[in-house]
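Student: I've got a protein chain open on my screen and I'd like to go through a few of its loops. Can we look at it together?

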Amino acid sequence: MRLVGGVALPTLHALMMNPTESDFVFALCNPGSEKALKLEAETMALGWRPGYQRRGFVTFKADAPFSLESLEVELACSRRLCLSLGKFPTRQEAERRLAGFPIHHARYFERKMQGLPSDSEPETRETIGTVVELGQDEFWVGLHRHAKFLSPDPAGDSGIVMPADSPSRAWLKLEEAVRFFDLKFTPSDVVVELGCAPGGVVLALLRRGVSVIGVDPAKMADVVLSAEIADRRAAPADKPWFYHCRKPAALASKRDLGQDVTWFMSDMNQAPDVVLRECARFRAMAPSIQGVLITLKLTEIPQVAEKEQWFVALREMGFSTIRLQQLSVHHKEFALLALK
């Protein structure tokens with residue numbers, strides 16, 4: 001072992017002999033979510049002990065060495081979880097450590113854990129190296145294996161920019177979730193969105209060719225009204241449409257939904273249990289719903305430790321694949337995905 005900046009690290013020779021095993025892992029997260037990340041790991045009884053920490057960066061140690069398989073855990077607060085290969089004083093030394101692997105770059109900059117653009121996208125099960133710049137002389141190196149429902153972007157940060165005509169940040173949250181989870185939509189999909197005003201998610205879906213039933217008594221932005229239809233039963237078959245159900249969510253009925261809704265979405269500013277109750281009600285009215293994507297808005301980020309309760313509620317609705325993830329564009333929010 002050797003010391004770098006007071007941190008005990010394996011020798012370079014030891015790392016080269018076994019580059020896919022380490023005494024440490026590190027997680028990249030949204031700055032401010034470090035405490036919640038550690039609480040989440042503790043609640044899951046992983047046996048991981050938190051160690052070195054910086055803004056957006058937390059290391060963990062366990063009783064036995066970590067392998068790439070150790071990373072196959074679902075930590076909602078972690079945008080990227082890596083097998084730690086150590087800390088280096090220069091970018092060049094860090095990159096040399098990852099010789100032979102595709103490399104992603106990340107940095108803590110402007111109070112954000114940012115991913116830098118990459119020229120290629122990883123394939124499933126491909127091992128990817130990450131260099132994280134935390135300071136002028138502090139470059140951490142890690143490995144992870146790309147998998148389904150894992151962002152292909154460095155540090156789980158797509159860098160998507162919201163268009164000037166979007167009426168709300170909900171556009172950005174939808175697009176980031178689609179990118180992170182690699183969601184696929186088709187022209188036959190119909191989304192019901194609760195709390196749709198002023199129309200950020202509606203705009204994103206319409207431009208993806210997806211029709212939307214928006215449930216909200218509030219006014220919609222003009223940019224989505226060109227696709228509005230007055231009668232749900234007379235929806236066009238050759239282009240995406242928007243039907244505005246001008247009611248509170250609790251008053252929407254089966255007649256408002258029709259027969260072919262395939263997704264439930266919500267960006268309502270309500271507690272998780274309230275949103276999930278509405279999700280269950282809409283799922284009962286529209287059994288054709290195959291997917292759920294909800295932005296959960298928490299009072300405090302450590303509420304994420306309650307996630308198993310939310311998963312149980314979704315399993316009771318018939319969903320088998322469930323993921324919870326804090327995205328790079330979130331504050332006290334998480335994307336909750338459920339699929340049949």
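Student: Where is Ala155 found?
Tutor: Keep in mind that we're looking at a predicted model. To place Ala155, look between two elements: it's found in the loop between S10 and H4.

Student: And is Ala155 buried or exposed?
Tutor: Buried means under 20% relative accessible area. Ala155 has a relative accessibility of 1%, so this residue counts as buried.

Student: What is phi of Ala155 near?
Tutor: Most residues other than glycine have a negative phi. Ala155 isn't a glycine, yet its phi is positive, near 60 degrees.

Student: Which value does phi of Phe149 have?
Tutor: Phe149 is another residue in the loop between S10 and H4. Its relative accessible area is 14%, so Phe149 is buried. Although Phe149 is not a glycine, its phi is positive, at about 65 degrees.

Student: Now Ser166: which residues does it touch?
Tutor: Ser166 lies in the loop between strand S10 (138–145) and helix H4 (170–181), and it counts as buried at 11% relative accessibility. A polar atom of its side chain lies 2.8 Å from the backbone oxygen of Ser168. Leaving out residues up to four places away in sequence, Ser166 touches Trp171, Gly200 and Leu203.

Student: What is omega near for the peptide bond from Ala197 to Pro198?
Tutor: Pro198 lies in the loop between strand S11 (190–194) and helix H5 (200–207). Most peptide bonds are trans. The one from Ala197 to Pro198 is cis, with omega near 5 degrees.

Conventions:
Residues are numbered from 1 along each chain as its sequence is written. This is a predicted model: local features need pLDDT of at least 70, side-chain atom pairs count only at pLDDT 80 or more; totals for chains, interfaces and linings use all residues. Side-chain values use heavy atoms; hydrogens and water are left out. Helices (H or I, at least four residues) and strands (E, at least two) are DSSP runs, numbered from the N terminus. Buried means under 20% relative accessible area, exposed over 50%, partly exposed in between (1.4 Å probe, protein chains only). A polar contact is a pair of N or O atoms within 3.5 Å; within protein, one must be able to donate a hydrogen and the other to accept it, and residues adjacent in sequence count only if both atoms are side-chain atoms. Contact means heavy atoms within 4.5 Å.
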